[in-house]
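This report describes one protein chain in plain terms. Look through the sequence and the structure first, then read on.

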Amino acid sequence: MADIDPVTLTQALIRCPSVTPVDAGALGVLEDALKPLGFTCHRLPFSAPGTPDVDNLYARLGTSGPNLCFAGHTDVVPVGEQAAWSHPPFGAEISNGILYGRGAVDMKTAIACFAAATARYLGEQGDAFTGSISFLITGDEEGPAINGTPKVLEWMKANDEVMDACIVGEPTNTTTLGECIKIGRRGSLNGFITQHGTQGHVAYPQHADNPVPKLVKLLSALSIATLDQGTAHFQPSNLEVTTLDTHNPTTNLIPNAAKAGFNIRFNDLHTSASLKTWLSDALNTVGENFDLDIQVSGEAFLTPPGLLSDVMSAAITTVTGLTPELSTSGGTSDARFIKDFCPVAEFGLMNATAHKIDERVDVADIHALTDIYVEMLRGYFARA
Ligand SMILES: [Zn+2]
């Protein structure tokens with residue numbers, strides 16, 4: 001079995017300037033690493049009106065279950081001010097044991113570590129390996145996420161490609177490798193209220209109907225409400241008022257409307273549908289003559305602790321000595337699509353330099369992350 005050096009492969013991936021939605025050869029670099037291991041590779045380009053065309057890769061080794069899938073993305077965000085980088089963003093230069101480049105933590109290195117870990121694990125298993133290992137890699141995670149993971153998942157379903165568990169390599173740790181596994185995410189919903197009134201002169205309020213105090217009453221009702229107390233794996237759901245506007249530059253005018261916006265980050269005790277019902281009930285109890293518009297960014301989800309998180313935690317402890325927190329904090333990732341197909345959890349590098357100037361990774365952490373993924377493969381196929 002061919003060995004893969006995760007540092008060399010990371011460098012080759014970073015040297016492809018795959019700023020979303022451009023591939024720039026990145027998926028081909030990964031394919032070239034996986035094919036010698038015996039993977040069957042499917043390139044899956046998708047397009048949709050009004051969105052950029054995107055190339056994706058689904059690769060699988062083995063035909064029987066269980067199928068453990070490694071998921072991630074080869075696209076990266078733009079470099080920002082190139083002159084501000086201390087090393088070229090697509091140079092993948094190593095200086096004093098630190099590898100610099102766009103995608104170093106989010107998340108080309110994790111993909112290289114997936115591949116290197118797979119090569120090592122298959123090498124030690126030889127003919128004894130009976131399950132399947134797959135890679136679901138998109139070029140559309142940092143973009144609109146229309147022609148990426150959701151469409152690959154549809155393609156997999158149509159082709160009877162079943163995953164039994166999925167590890168996403170997004171950077172999950174804050175400062176130390178091994179701190180944190182993400183097993184879910186809060187949902188997010190944005191609300192916009194327009195309180196209607198009647199415009200008039202502040203000196204003759206009897207001829208007007210001021211919407212501002214009415215809007216304040218609505219917002220007050222929302223702000224003092226307790227949505228829940230949190231759960232074992234989620235912090236309490238929270239509503240934050242984000243803006244309140246009348247766009248009124250004068251001092252003597254009662255405006256005819258006032259608008260406000262708010263965001264709710266919610267746990268798995270709620271859905272966007274249940275929150276819509278709650279919002280309209282709560283607002284209708286204290287006010288009238290307003291419009292409520294709601295935009296849902298995503299539902300809450302949780303992979304309850306079990307085989308996948310146990311195997312991942314044990315692997316992290318074996319390599320780092322740390323016991324990772326099982327967290328649902330932070331922003332969104334493609335795990336939100338994968339969760340409808342199989343248990344999914346995320347573990348990768350540190351996120352401190354993600355999307356920043358001088359994005360970088362300690363070379364020692366590249367080797368440690370590879371060791372952790374090898375342990376995850378050992379643990380999963382020993383128990384699944
Ligand atoms: Zn990412």
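Is the crossing of α3 and α9 left-handed or right-handed? The crossing of these two helices, α3 and α9, is right-handed. The model behind this answer is a predicted one.

**Two helix pairs**

Helix α9 takes part in two helix contacts described here, one with α3 and one with α7. The table lists the two pairs.

| Pair | Residues of the partner helix | Axis approach | Crossing angle |
|---|---|---|---|
| α3 and α9 | α3: residues 108-125 | within 8 Å | roughly 50° |
| α7 and α9 | α7: residues 307-320 | within 8 Å | roughly 135° |

Helix α9 itself covers residues 363-383. Angles from 65 to 115 degrees count as roughly perpendicular, those under 35 as roughly parallel and those over 145 as roughly antiparallel, and the rest are oblique. With axes crossing at roughly 50°, α3 and α9 are therefore oblique to each other. With axes crossing at roughly 135°, α7 and α9 are therefore oblique as well.

On the α3 side, the residues that meet α9 are T109, A110, C113, F114, A116, A117, T118, R120 and Y121. Their partners in α9 are I366, L369, T370, Y373, V374, L377 and R378. By class, this contact of α3 with α9 consists of 11 nonpolar, three polar and two charged residues.

The other pair also has a right-handed crossing, in which α7 passes α9. From α7, the contact takes in L307, V311, M312, A314, A315, I316, T318, V319 and T320. From α9, it takes in A368, D371, I372, E375, M376, G379, Y380 and R383. The residues in this contact of α7 with α9 are 11 nonpolar, three polar and three charged.

**The chain as a whole**

The chain contains nine helices and 21 strands. Its C-alpha trace spans about 85 × 45 × 40 Å along the principal axes. Of its 384 residues, 45% count as buried. Among contacts between residues at least 6 apart in sequence, 79% join residues at least 24 apart.

The domain assignment divides the chain into domain 1 (6-185 + 301-383) and domain 2 (187-298). The centres of the two domains, taken over C-alpha atoms, are separated by 40 Å. Where the domains touch, eight residues of domain 1 are in contact with four residues of domain 2. On the domain 1 side, the touching residues are four nonpolar, three polar and one charged.

**Two single residues**

Where is N96 found? N96 lies in the loop between β6 (94-95) and β7 (98-100). N96 has 6 other C-beta atoms within 10 Å, so N96 is exposed. From N96 to A117 there are 21 residues in sequence and 25 Å in space, C-alpha to C-alpha. A117 is also one of the α3 residues that meet α9.

E31 is placed in helix α2 (residues 26-34). Because E31 has 17 other C-beta atoms within 10 Å, E31 is partly exposed. Leaving out residues up to four places away in sequence, E31 touches C41 and L57. The C-alpha atoms of E31 and E359 are separated by 25 Å, and these two residues are 328 residues apart along the chain.

Methods:
Residues numbered from 1 in each chain as written. Predicted model: local features only at pLDDT ≥ 70, side-chain atom pairs only at ≥ 80, totals over all residues. Axes fitted to C-alpha atoms, helices over the stretch in contact; angles between N-to-C directions. Helix = DSSP H or I, 4+ residues; strand = E, 2+ residues; numbered from the N terminus. Left-handed = near helix turned anticlockwise from the far one by under 90°. Contact = placed C-beta atoms within 7 Å. Nonpolar A, V, L, I, M, F, W, Y, C, P; charged D, E, K, R; others polar. Domains from an automatic or database assignment. Buried ≥ 20, exposed ≤ 12 C-beta atoms within 10 Å, placed from the backbone.
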